[in-house]
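Subject: Structure for your review

Dear colleague,

Please find below the sequence and structure that I am handing over to you. My findings follow directly after them.

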Amino acid sequence: MAKVLDCGHANDFEGSGVGCRDARGRSLCRACALENERAALKEDPTFFAYVRRDDRGEIAGIATWLGAELGERIGPVTTSRANIARKLQTFRVRDIFGATWACRHWPDAGDYVRMTRVRGARVA
Ligand SMILES: [Zn+2]
């Protein structure tokens with residue numbers, strides 16, 4: 001069933017009726033979802049991504065939830081306790097546009113990474 005999404009393309013998400021949604025709730029195909037993520041990475045002061053690991057399970061960088069690479073880790077991973085229960089890992093990433101981000105990741109709470117832009121806001 002080739003349902004047309006709000007972006008104007010056919011739904012290419014297997015087993016999902018809605019594809020991916022952007023911040024305004026529009027449904028997007030895979031290509032448009034990636035385009036949307038990249039635009040946000042370029043413009044936004046904060047960003048939400050997913051941790052990407054290397055073969056040894058170390059944090060290698062960040063990706064979209066569909067697994068498209070968005071940046072590489074630079075420098076060490078620092079592990080601390082956010083509170084008594086939750087372990088917090090912090091590290092920095094250089095994104096695909098060359099900007100640097102401070103990243104916070106809670107390894108016991110899933111794969112997500114909260115990111116705050118440090119410098120290199122835009123590509124000239
Ligand atoms: Zn599309």
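Two strands are said to pair if DSSP finds at least two bridges between them. By this rule, E3 and E8 form a pair, with five bridges and an antiparallel sense. Please bear in mind throughout that this is a predicted model.

**Overall layout**

The protein chain contains one helix and eight strands. Along the sequence, these elements follow the pattern β-β-α-β-β-β-β-β-β. The C-alpha atoms fill a box of roughly 45 × 40 × 30 Å when it is taken along the principal axes. Of the 124 residues in the chain, 23% are buried. Among contacts with a separation of 6 or more, 23% are accounted for by residues 24 or more positions apart.

**Strand pairing**

Within the pairing of E3 and E8, Phe 48 stands opposite Arg 114 in E8. Strand E8 is also joined to E7, by six bridges, and these two strands run antiparallel. Here Ala 102 has Thr 116 in E8 as its bridge partner. The hairpin of E7 and E8 has six residues between the strands, and Gly 110 in this hairpin takes a positive phi near 115°.

**The helix**

Helix H1 covers residues 30-43, which makes 14 residues. From its first C-alpha to its last, H1 reaches 20 Å, close to the 20 Å expected at 1.5 Å a residue. Four residues of H1 are buried, namely Cys 32, Ala 33, Glu 37 and Leu 41. An α-helix has 3.6 residues a turn, so residues three or four places apart point the same way. The cover over the buried residues of H1 includes strands E1 (20-21), E2 (27-28), E3 (46-53), E5 (69-81) and E6 (87-95).

**The nonpolar cores**

The largest nonpolar core has 13 residues, and those that touch the most other members are Ala 49, Ile 62, Val 93, Trp 101, Cys 103, Val 113 and Met 115. Two or more residues of this core come from each of E3, E6, E7 (100-105) and E8 (112-119). Strand E3 gives the largest share, three residues. A second, separate core has six residues, including Leu 5, Leu 28, Cys 32 and Ala 33.

Which residues does Trp 101 touch, not counting residues up to four places away in sequence? They are Phe 47, Arg 92, Val 93, Asp 95, Met 115, Thr 116, Arg 117 and Val 118.

**Arg 52**

Arg 52 lies in strand E3. Is this residue, Arg 52, buried or exposed? Arg 52 counts as buried because it has 21 C-beta neighbours inside 10 Å, and the cut-off for a buried residue is 20 or more. Leaving aside neighbours within four places in sequence, Arg 52 is in contact with Ala 60, Gly 61, Ile 62, Ala 63 and Glu 69. Arg 52 and Arg 86 are 34 residues apart in sequence, and their C-alpha atoms are 20 Å apart in space.

**The two domains**

The chain is divided into domain 1 (1-43) and domain 2 (44-117). Their C-alpha centres lie 23 Å apart. Eight residues from domain 1 and eight residues from domain 2 take part in the contact. On the side of domain 1 that touches domain 2, four residues are nonpolar, four are charged and none is polar.

Yours sincerely,

A colleague

Methods:
Residues numbered from 1 in each chain as written. Predicted model: local features only at pLDDT ≥ 70, side-chain atom pairs only at ≥ 80, totals over all residues. Expected span 1.5 Å × (residues − 1). Buried ≥ 20, exposed ≤ 12 C-beta atoms within 10 Å, placed from the backbone. Contact = placed C-beta atoms within 7 Å. Core = buried A, V, L, I, M, F, W, Y, C linked by C-beta atoms within 7 Å. Domains from an automatic or database assignment. Nonpolar A, V, L, I, M, F, W, Y, C, P; charged D, E, K, R; others polar.
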